[in-house]
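Okay, thanks for coming, everyone. Let me put the structure up on the screen, and then I'll walk you through it.

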Amino acid sequence: MTENQPHQPQQPQNQPGQNPQQQGPDRTQQLPLSGYGQHQQQQYAPLGGQQRPGQHPSGGSAYPQFGAPGTHQGTPPGSNWPPFGPQPAHQPQPAKPKRRGLAAVALTALLVGAAGGVGGAAVYSATNDSSATPSVTAPLNGNQAAPAAAPDGSVQSAAAKVLPSVVKIAVASQQGAATGSGIVISKDGLIVTNNHVVAGGGAGAQITVMLNDGRTVPATIKGTDPLTDLAVIHADATDLTPATLGQSGKLGVGQGVVAIGSPFGLEATVTSGIVSALNRPVTSGDEQQDSTTVFPAIQTDAAINPGNSGGALIDLAGQVVGINSAIKTAGGSGQSEGGNIGLGFAIPIDQAKPIIDELVAKGKATHARLGVTVGDAQSSDGLSSGARLGEATSGGAADKAGLQAGDVVTAVDGKAISSGDALVAAVRSHRPGDEVKIDFTRNGKAQSVTATLGSDNGNPTG
């Protein structure tokens, strides 16, 4: 077992902050695709909405690998979506004194007006005018003005730059149908997405891409990397608009960001928020496929849901800074708890770029390796306080640096390490051959070493 397969030690029951009904580490869910069955475990959810076979794909980005689906299971919006259902027909009322008549007009306006905007004016007029007849100063008509030019740095401007480069991905297989999102990275059809969006359909699955202009074209898988939850597909098109890739390393907490994708199958959906945290260690995966992904995520409160998986997280300059991959759900197995609660996670584009390049060139990717098993170190109060090292691989990076079993890593390159997953995420943010400074304690004494990270040579489980 290596740091690419983090060891998860047994935790005492009912520790502070733990859900006594949940077994194992708390994980995010990769967004499930809008299809393929239903995954019930509590994790960070990959962005996709699962649905049953035969249902209309409505969103989701991953197969069961990515956690509990949202409430919408692939059914197109129906009559129960609008906040106001069918209204009862108006019944003529007997003549009443003038003021009571005004109240009746106000009530009718409240019942029918919220959907269109006229009702608000009608209510105001009926309750403030001396006349019993409501008046509307500017009746609505179908001649809508063109959108105002978006100023640079606005959500509108950023979205306009990237919308042509974000696509909806549909996958159909014997397991059912599902949808997710993707980002165009070349004019001739290369698209990056999450591995869980395209790999869960199995052999023989058919992939279709819906472009921003409404066209649908077939696509094939170019390369996949389950360890980082990234994949590249090739769509049958030669006139696409590639997105501009930015630098996630320049992001700051509190900075405005925009998420674009197909939540619940609703393509070209734009939501906005801020960067809530950086380098957040996120573990997501699927018990059914025994697959686990750990990455140093960008955390955001921009609304992302099942179906957003593989879509773009962009800065306000319109540059892609992350690939939306997982969400934290409220817990439990209820489908109503599978959607956005303001805790979304994206793979930083700085870490994704070299993986994408290798997938395009070779169909698989290499990853940095420290060469040691890891687990959580706990303080006397039961809180995680570092990464405790286990057995080191002979001749590996940890062994060469002099690290030993029982050492507790507390920082990498000056960034605090609070858990085993945090150390795994820190290592995966680097490339093979990088030198890293590792702070650790041994028998209570603080020490530090410099380690040159090795490579898994494209064999993450070896």
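So, of the 462 residues in the chain, 48% are buried; buried here means under 20% relative accessible area, exposed is over 50%, and partly exposed is in between, with a 1.4 Å probe and protein chains only. Before I go on, this is a predicted model, where local features need pLDDT of at least 70, side-chain atom pairs count only at pLDDT 80 or more, and totals for chains, interfaces and linings use all residues. Residues are numbered from 1 along each chain as its sequence is written, and side-chain values use heavy atoms, with hydrogens and water left out.

On to the fold. The chain has 7 helices and 22 strands. Take the contacts with a separation of 6 or more: 64% of them are between residues 24 or more positions apart, a contact being heavy atoms within 4.5 Å.

Now, salt bridges. How many salt bridges does the count come to? The answer is 6, where the rule is a side-chain nitrogen of Lys or Arg within 4 Å of a carboxyl oxygen of Asp or Glu.

Let me show you Lys168 and Glu267, whose side chains meet in a salt bridge at 3.4 Å, N to O. That pair links distant parts of the chain, 99 residues apart: Lys168 sits in strand β3 (residues 166-173), and Glu267 is in the loop between β9 (256-261) and β10 (269-286). Lys168 is buried, at 11% relative accessible area, while Glu267 is partly exposed, at 40%.

Next up is Asp407 with Arg442, a salt bridge at 2.8 Å, N to O. Asp407 is in the loop between α6 (397-401) and β18 (408-412), and Arg442 is in strand β20, so this bridge ties together parts that are 35 residues apart in sequence. Is Asp407 buried or exposed? Buried, with a relative accessible area of 1%.

Then there's Asp213 and Arg215, whose side chains also form a salt bridge, 2.8 Å from N to O. Asp213 counts as exposed because its relative accessibility is 52%, and Arg215, at 35%, counts as partly exposed.

If you look at the loop between β11 (291-300) and β12 (312-315), you'll find Ser309. Ser309 is buried, at 0% relative accessible area. Its side chain makes a polar contact of 2.7 Å with the side chain of His196; by polar contact I mean a pair of N or O atoms within 3.5 Å, where, within protein, one must be able to donate a hydrogen and the other to accept it, and residues adjacent in sequence count only if both atoms are side-chain atoms.

The structure holds 1 cavity of 30 Å³ or more. A cavity is a set of points, on a 1 Å grid over the protein atoms alone, where a 1.4 Å probe fits but cannot get out, and lining residues have an atom within 4 Å of a point. About 40 Å³ of space lies in the largest cavity, with volume taken as the space filled by probe spheres set on the points, which are joined across faces, edges and corners. Which elements give two or more residues to its lining? They are α7 (420-428) and β20 (435-442), and α7 gives the most, with 3 residues. Among the lining residues are Leu370, Val412, His430 and Leu453.

Okay, that's the tour, thanks.

Terms used:
On a 1 Å grid over the protein atoms alone, a cavity is a set of points where a 1.4 Å probe fits but cannot get out, and a pocket is an open set with protein on both sides within 12 Å along at least five of seven lines; lining residues have an atom within 4 Å of a point. Helices (H or I, at least four residues) and strands (E, at least two) are DSSP runs, numbered from the N terminus.
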